[in-house]
Amino acid sequence: LEPACGVGHFIGFVPEDMLRRSTITGIEIDPLTARIAKAVYPDSDIRGQPFEQSKLADGFYDPAISNVPFGDYTVHDLRWNNYKFPIHDYFFAASLDKVRPGGLLMFITSRGTMDKLDSTLRELLSTRTELLGAIRLPNDAFKKNAGTEVTTDIIMLRKLRAGEVPTGTAWKETAAFTNDIGEAFTLNE
């Protein structure tokens, strides 16, 4: 599952032998971008619609991989409205429903997912997933490709199977940090 596929860059990087044996579903809200992805990847199920409106089976996908949208706005989805998640956090919660037990979420997201004071999403994820790793990228990692300077993280989670107990919860909390030049900010533990 690629819940914000754009023109399909991630689909294009799937190894050919794996691609032939896989069912790929890409969701893209922008109609023109979705048409481009459909033209480039005709064997994939590319849907031109918002992720929150897509009809996808729960527990079907092995991985969900995406560069999720960033922003300080919410989407309307009855399953998740009570949480009032910003868009990037919504993609984590909603995608988790679509991944089978033992499946993976691997998302590029803003630093806000791990570092913001509101730990609601991290609390939810910590009860349903195992944190496999998180990588903080330099703030200019996407400057050449997207013309933007933003601090981003790659977060890798594995959905727990029935009866599995979460391991480690330090990533739920944030702590004050001061860097070598005296700047103070909040970081995920």
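How many nonpolar, polar and charged residues line the second largest pocket? By class, 13 are nonpolar, two polar and three charged (Ala, Val, Leu, Ile, Met, Phe, Trp, Tyr, Cys and Pro count as nonpolar, Asp, Glu, Lys and Arg as charged, and the others, Gly among them, as polar).

Before you click on, this is a predicted model, where local features need pLDDT of at least 70, side-chain atom pairs count only at pLDDT 80 or more, and totals for chains, interfaces and linings use all residues. Residues are numbered from 1 along each chain as its sequence is written, and side-chain values use heavy atoms, with hydrogens and water left out.

Stay with that pocket and select Val14, Met18, Ile24, Pro63 and Ile65, which lie nearest its centre among 18 lining residues. (On a 1 Å grid over the protein atoms alone, a pocket is an open set of points where a 1.4 Å probe fits, with protein on both sides within 12 Å along at least five of seven lines; lining residues have an atom within 4 Å of a point.) The largest share of this lining, four residues, comes from β3 (strands are DSSP runs of E, at least two residues; helices are runs of H or I, at least four).

Now colour β3 (61-67) and strand β4 (residues 99-110). They pair in the parallel sense over six bridges (pairing takes at least two DSSP bridges). Pick Ser66 and you'll find its bridge partner, Phe107, in β4.

Last stop: the largest pocket. Select Ala4, Cys5, Gly6, Asn67 and Val68, the closest to its centre of 31 lining residues. That lining has 21 nonpolar, seven polar and three charged residues.
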